[in-house]
Amino acid sequence: MKKVLFTLFMAFGALTYTMANGVFLDQDTKTEIKAEELPEAVKLSVSESNYADWALDKVYKAVDSNTGADTYEIQVKNSDGQKIILVYDAEGKLLKEEEDY
């Protein structure tokens with residue numbers, strides 16, 4: 001019974017950690033960067049997206065813990081204060097889009 005409870009506790013902890021990171025990027029490998037440091041393909045994708053006229057709030061570079069590939073998390077904000085998190089791969093493909101609370 002103790003092993004079952006321990007396993008459930010560990011699984012819940014891992015799920016909570018993943019959900020707390022919002023866009024499933026590992027906080028240990030996530031580094032804030034300047035927008036100018038984004039790959040050109042990512043800049044182009046953002047400029048052609050529905051959020052092209054939103055202000056860039058924060059930009060992060062991360063390494064996907066599963067593949068080792070670079071990913072880019074971009075937090076954008078509109079004039080009403082609504083925030084959206086966009087995650088792109090290095091080729092400019094949108095991987096995830098979600099509202100930031």
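This is a predicted model: local features need pLDDT of at least 70, side-chain atom pairs count only at pLDDT 80 or more; totals for chains, interfaces and linings use all residues.
User: Why is Gln-75 called buried?

Analyst: Buried means under 20% relative accessible area, and Gln-75 has 11% relative accessibility, so Gln-75 counts as buried. Gln-75 sits in strand 3, residues 70-77. Leaving aside residues up to four places away in sequence, Gln-75 touches Ala-55, Leu-56, Asp-57, Lys-58, Tyr-60, Ile-84, Ile-85 and Asp-100.

User: How do you know that strand 4 and strand 5 pair?

Analyst: Two strands pair if there are at least two bridges between them. Six bridges join strand 4 (residues 83-89) to strand 5, and the two run antiparallel. In one of these links, Leu-86 has Glu-97 of strand 5 as its bridge partner.

User: What makes strand 1 and strand 5 the edge strands?

Analyst: The open sheet has five strands in the order 1-2-3-4-5, with antiparallel pairing. Strand 1 (31-32) and strand 5 (94-100) each pair on one side only. Helix 2 (residues 40-47) packs on this sheet, where helix 2 touches strand 3 and strand 4. The direction of helix 2 makes about 140 degrees with that of strand 4.

User: Which residues have the most contacts inside the largest nonpolar core?

Analyst: They are Leu-38, Val-42, Ile-74 and Val-76, in a core of 13 residues. Helix 2, strand 3 and strand 4 are the elements that give two or more residues to this core. Not counting residues up to four places away in sequence, Val-76 has contacts that include Trp-54, Leu-56, Ile-84 and Leu-86.

Note on methods:
Residues are numbered from 1 along each chain as its sequence is written. Side-chain values use heavy atoms; hydrogens and water are left out. Helices (H or I, at least four residues) and strands (E, at least two) are DSSP runs, numbered from the N terminus. Buried means under 20% relative accessible area, exposed over 50%, partly exposed in between (1.4 Å probe, protein chains only). Contact means heavy atoms within 4.5 Å. Axes are lines fitted to C-alpha atoms, for helices over the stretch in contact, and angles run from 0 to 180 degrees between N-to-C directions. A nonpolar core is a set of buried Ala, Val, Leu, Ile, Met, Phe, Trp, Tyr and Cys residues joined through side-chain atoms within 4.5 Å.
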